[in-house]
Amino acid sequence: MKNILCLITCIIGLTSCSAQTPIVSRDSQIQGKSEGTYFKDLNNEFDKFVGIWVYINGGTTFTIKLLKKEMVYDGSEYYFDELFGEYNYSQNGTEIINTLPSLSQSPNNFDIRNIGGGHILTNENYPECNNCSSNERRVMLYFNDPEREYLATKMVLRYDANSFNPEKMKVTIFESSSSMLPYEGAPDEHRVPYGEYEMIKQ
């Protein structure tokens, strides 16, 4: 009886060990990682980006709201900590695009977000950053226009570590690859113009 109890205990222990999710840093390479690995924001680098950010220049207003979601399953093999969000862009009092309402309509549905991801750029000069330091870490996200989903657009967040009250970040929006237009004459740019925006945390 004692041997049986010992055997059961060992089996439970081994099962428990094998069921544990391997945890690695969010910027780790995927190659060689076992199925079920969790790419975690171990140093909470994403936290400083969470919140509402606003860019105002003349008649242009650009607002982004970012949230952090932990342990998001990619649908096939891995788990990731990611940033998600929505945005509003207006010019001269005219609203060009506003996806912010979907945050309150579907607060927990992270599959439909128009901003998301969490690729950490380290020593990568893409997009070009002439004044980035060698150890600076930026975050790249996808940036979707729901009326032009065929466009491959990304945004890079660069937190200004020297800014206090208010905090600031620079957002660079760019076309990440050539997009196949669905029909002749289809719009070939995001409704938020490509370029750099210095945003202030609210």
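**Note on the pockets and core**

1. The second largest pocket is lined by 15 residues, and those that lie nearest its centre are Glu 136, Arg 158, Tyr 159, Asp 160 and Ala 161. A pocket here is an open set of points on a 1 Å grid over the protein atoms alone, where a 1.4 Å probe fits, with protein on both sides within 12 Å along at least five of seven lines, and lining residues have an atom within 4 Å of a point.

2. This is a predicted model, in which local features need pLDDT of at least 70 and side-chain atom pairs count only at pLDDT 80 or more, while totals for chains, interfaces and linings use all residues. Residues are numbered from 1 along each chain as its sequence is written, and side-chain values use heavy atoms, with hydrogens and water left out.

3. About 280 Å³ of space lies in the second largest pocket, a volume being the space filled by probe spheres set on the grid points, which are joined across faces, edges and corners. Its lining has 9 charged residues (Asp, Glu, Lys and Arg), 3 nonpolar ones (Ala, Val, Leu, Ile, Met, Phe, Trp, Tyr, Cys and Pro) and 3 polar ones (the others, Gly among them).

4. The largest pocket holds about 360 Å³ of space, and of its 19 lining residues, Arg 26, Phe 80, Gly 118, His 119 and Ile 120 are the closest to its centre.
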